[in-house]
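Biologist: I'm new to this one. Could you show me how to read it, feature by feature?

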Amino acid sequence: MSRGAICLKGNDCVAGQSRDNSQYTTDVTRKSEDTIDFEIIELLFFAYRDFTGDPDAILEKSGFGRAHHRVVHFVNREPGMTVADLLDTLKITKQSLARVLKQLIDSGYIRQVTGPEDRRQRMLYTTKEGQALARALAEPQSRRIADALAKTGPGAREIVKRFLVNMKNSAAD
């Protein structure tokens, strides 16, 4: 095992491989490891994989994916948001959203209403089924977050929030 490796469940090792690959390491690789935080990068990859795994299994039963999850999540969190606002939030194309939104509307999870002042405006709302789906997807993620924060110690929530806010592109705010 590489020195300093942190191995997680499922044989995921951070900051090195589970086998010795030192024969392939060059001076360039060693220099980049001094400036690149591979350990945090890998932990973020593994955390994201596990964080999305539970909802992915729920979504798969309905033939949905992560794009559907994001739409249901944000529409449920901000009832009445417009399609334009959702496009801006998700940073996706109209074409990508149209396919996902149509599936969610046709399946009865989202309803679309014409804007009261501008008939071109489309406002989005989750139905009762959509609210139940949003909750079912968020519950395992919320439990995972609560468990991780409890294991991290006092003040962890504020530190994690500050870290995640600082990870976002400031232009996206």
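This is a predicted model: local features need pLDDT of at least 70, side-chain atom pairs count only at pLDDT 80 or more; totals for chains, interfaces and linings use all residues.

Biologist: How many helices and strands are in the protein chain?

Modeller: Start by listing the elements, then read their order. The protein chain has seven helices and five strands, and along the sequence they run β-β-α-α-α-β-α-α-β-β-α-α.

Biologist: What share of the 173 residues is buried?

Modeller: Buried residues come to 23% of the 173. As for the surface, the chain exposes about 12600 Å², with carbon and sulfur atoms supplying 52% of that.

Biologist: Which strands does β5 join up with?

Modeller: For strands, look at the bridges and the direction. Strand β4 (residues 110-114) is joined to β5 by five bridges, and the two run antiparallel; here I110 sits opposite T126. Strand β3 (residues 81-82) also runs antiparallel to β5 (residues 122-126), with two bridges, and M81 faces L124 there.

Biologist: Why does the length of helix α2 agree with what it should span?

Modeller: Count 1.5 Å a residue: the 23 residues of α2 (residues 38-60) should span 33 Å, and the end C-alpha atoms are 31 Å apart, so the two agree.

Biologist: Where does α2 bend?

Modeller: Look at G53, where α2 bends by about 35°. A proline, P55, follows within four residues.

Technical notes. Residues are numbered from 1 along each chain as its sequence is written. Side-chain values use heavy atoms; hydrogens and water are left out. Buried means under 20% relative accessible area, exposed over 50%, partly exposed in between (1.4 Å probe, protein chains only). Accessible areas come from the Shrake-Rupley method with a 1.4 Å probe; for residues, only the protein chains shown count as cover. Two strands pair if DSSP finds at least two bridges between them. The expected span of a helix is 1.5 Å times one less than its number of residues. The bend at a residue is the angle between axes fitted to the seven residues ending there and the seven starting there.
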